[in-house]
Amino acid sequence: KFKYALIVLSMVILSCGSDDDGSPTGEPDSGIDFEGNATAEYTLTFDTSFSEADFPEEYPSNPSFGPVIAIVHSPSINVFQSGNVASDGLAAYVETGDVDALASELTGQEGDSEGLFFIQTASNASAVGTSSFDITFTPTRTRVTFLAKLNPSPDWFVGAASLDIVDGNTLKEEIQTGLVLLDGGTKAGETYESSSVSENNTIGVCEDVPYSDGSIFVQSLGNLTITRN
């Protein structure tokens, strides 16, 4: 099992406008589908399938993913987006696994009065296997961004950005998504072990060797499932 730590980066309630019914603008009513103390518990499951049989080209000797992180956040926070240039905080994570730099960046993204989110971290996940841990949502933290750096690699990772657990005024029972290898665009390395010069490209799917054979089809490295408890 993962030994994981909950890093609470802000406990400040968002200063939002209100609708006539008193609920925060753009957010679900705090009483809708949230029970007890207005939280919703989910289990995040990370299934990995980065095997030498499937990816024989220059397969690294001791691959892993991580540290694995789940960022539960408000809809206004953007951690990463395919086609955009990686932020300094994301670059630090995908290159070296530095979670603190990313956390500091997110803290200041909306200012101290509106930085309502938390990061839950877990140790590295195996290249082939299943790992899981629980995450908690609130009426103002209804999105989750998942990140897992590939080790070793220049700046490659798997991730899912800003997954929404709310469907109208109802909480989703389950979210599933496949995970392909993404290139952070910050290093120009072309092998798993390379530590090459910096570049300033956009985030995108890895489509070249050694991960891919350059064909249109890009094989998944695993799946992410988020299930309501």
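Student: What share of the contacts in the protein chain with a separation of 6 or more comes from residues 24 or more positions apart?

Tutor: That share is 75%, where contact means heavy atoms within 4.5 Å. Please note that this is a predicted model, in which local features need pLDDT of at least 70 and side-chain atom pairs count only at pLDDT 80 or more, while totals for chains, interfaces and linings use all residues. Residues are numbered from 1 along each chain as its sequence is written, and side-chain values use heavy atoms, with hydrogens and water left out.

Student: Why is Tyr 59 called buried?

Tutor: Buried means under 20% relative accessible area, exposed over 50%, and partly exposed in between (1.4 Å probe, protein chains only). Tyr 59 has a relative accessible area of 19%, and is therefore buried. In the protein chain of 229 residues, buried residues make up 47%.

Student: Where is Tyr 59 placed, and which residues does Tyr 59 contact beyond its neighbours within four places in sequence?

Tutor: Tyr 59 is in the loop between β2 and β3 (64-65). Strands (E, at least two residues) and helices (H or I, at least four) are DSSP runs, numbered from the N terminus. Beyond those neighbours, Tyr 59 is in contact with Phe 50, Ser 51, Glu 52, Ala 127 and Tyr 192.

Student: What makes the pair of Tyr 59 and Phe 50 a polar contact?

Tutor: A polar contact is a pair of N or O atoms within 3.5 Å; within protein, one must be able to donate a hydrogen and the other to accept it, and residues adjacent in sequence count only if both atoms are side-chain atoms. Here a polar atom of the Tyr 59 side chain lies 2.6 Å from the backbone oxygen of Phe 50, so the distance meets the 3.5 Å limit.

Student: What makes a set of residues a nonpolar core?

Tutor: Such a core is a set of buried Ala, Val, Leu, Ile, Met, Phe, Trp, Tyr and Cys residues joined through side-chain atoms within 4.5 Å. The largest has 40 residues, and those with the most contacts inside it include Phe 46, Phe 50 and Phe 146. Among the elements giving two or more residues to this core are β2 (40-49), β8 (143-151) and β9 (156-164). Apart from it lies another core, of 19 residues, including Val 99 and Leu 102.

Student: Which residues of helix α1 are buried, and what do they pack against?

Tutor: In α1 (residues 88-96), Gly 89, Leu 90, Ala 91, Ala 92, Tyr 93 and Val 94 are buried. The buried residues of α1 pack against β4, α2 (99-107), β8 and β9.
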